[in-house]
Amino acid sequence: MFWFIAIVLACIVVVQWRAGAREASANATYPPQGRVVDVDGTPVHVLIAGSGPDLVLIHGASGNVRDWTFNFADRVSNRYRVIMLDRPGLGWTGRLRGKSGAWNKRAESPLEQAELLQKAAAIVGVDRPVVVGHSFGGAVAMAWALTQPDETAAVVMLGAVSNPWPGDLGWTYTVTGSTWGGALLVPLLTAFVPARVINNSVESIFAPQPAPDGYAEYVGAALVLRRESLRANAQQVNSLRPHIVKMSKRYEGLQMPFEIVHGDKDTIVPLSVHSEPLARQIKGAVLTVLKDVGHMPHHVAPDAVEDAIDRAATRAGLR
């Protein structure tokens, strides 16, 4: 029994050491691209580029601002002030603190995330922005519009979550988002997930298109493999649906311009479940369906996304 306990403890030490080493490497390889502002004790990473009307970009699950800077932000920064923000627990934004000051171990809701990012945006002087949300970021963009309808000029949704979906999200999110999974499985993933698995995951997100050359390395997938980021991501995704159910009942009251862009081959956030209902829920919403495009329209069909942003800004009187 003594030797068994000793072996188990040794394994735990090795896993935690290797996880810590990989996290340190990720932090050194992918430092913040922008500035980190303090919002009521929570660090929020904000990256700003260009000048013009304010354009806020909110990334999806397992992401960070580097997804926008890979090849999209430069396309719009010649005519907008582009404000990119890491969501809580991802990239270089911390998790929300509870009232006691202890780290909040429950998932941050879309409304809580929107409030945090709105406060960070206010610190850097954002005024009546066009808010763009991709994937999970779409849920935060909807929460942004619901909580600040008069201060939100327009919303652009890209392959975005907006409506309740049938079924569950699979065992991976359930396990890694649980207390025991977060304690036992997450460190193993941080320590030992090979590059091949990461690359395959990236390819599946872009399917049926291939991922752009160099994307997986550039975007900093290693950042989301950090223990706290894995836990935050899993908890947020796993708990999202009840918040979407409540939020979706309020969409009909939104009156700002909406542009919705969605690939008809998106199997991660299906068009028929999310964007088609959203286009019916919001009066005047414009839905652009991209033929044979998957979940990453801002990379695969950036011209269409630019056009949607420009239309939204024009309809809002910003251009």
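This is a predicted model: local features need pLDDT of at least 70, side-chain atom pairs count only at pLDDT 80 or more; totals for chains, interfaces and linings use all residues.

User: Which residues have the most contacts inside the largest nonpolar core?

Analyst: Val44, Met142, Met157, Tyr251, Leu254 and Phe258 do, in a core of 44 residues. Helix 5, residues 136-147, supplies the largest share of this core, with 9 residues.

User: What does Leu254 touch, leaving out residues up to four places away in sequence?

Analyst: Leu254 is in contact with Met142, Ala145, Leu146 and Ile282.

User: And the second core, how many residues there?

Analyst: That one is separate and has 27 residues, among them Leu55, Val82, Leu290 and Ala312.

User: Switching to voids. How many cavities of 30 Å³ or more are there?

Analyst: The structure has 1. The volume of the largest cavity is about 40 Å³.

User: What lines the largest cavity?

Analyst: Its lining consists of Tyr30, Pro31, Gln33, His45, Asn64, Val65, Arg66, Asp86, Gly91, Trp92 and Leu223. By class that gives 5 nonpolar, 4 polar and 2 charged residues.

User: Now helix 11. Is it mostly covered or mostly uncovered?

Analyst: Mostly covered, with 9 of its 12 residues buried. The buried residues in helix 11 are Arg227, Ser229, Leu230, Ala232, Asn233, Ala234, Gln235, Gln236 and Val237.

User: What span should its 12 residues have?

Analyst: Helix 11 runs over residues 227-238, and at 1.5 Å a residue it should span 16 Å. The end C-alpha atoms are 16 Å apart, so the two values agree.

Methods: Residues are numbered from 1 along each chain as its sequence is written. Side-chain values use heavy atoms; hydrogens and water are left out. A nonpolar core is a set of buried Ala, Val, Leu, Ile, Met, Phe, Trp, Tyr and Cys residues joined through side-chain atoms within 4.5 Å. Buried means under 20% relative accessible area, exposed over 50%, partly exposed in between (1.4 Å probe, protein chains only). Helices (H or I, at least four residues) and strands (E, at least two) are DSSP runs, numbered from the N terminus. Contact means heavy atoms within 4.5 Å. On a 1 Å grid over the protein atoms alone, a cavity is a set of points where a 1.4 Å probe fits but cannot get out, and a pocket is an open set with protein on both sides within 12 Å along at least five of seven lines; lining residues have an atom within 4 Å of a point. Grid points are joined across faces, edges and corners, and a volume is the space filled by probe spheres set on the points. Ala, Val, Leu, Ile, Met, Phe, Trp, Tyr, Cys and Pro count as nonpolar, Asp, Glu, Lys and Arg as charged, and the others, Gly among them, as polar. The expected span of a helix is 1.5 Å times one less than its number of residues.
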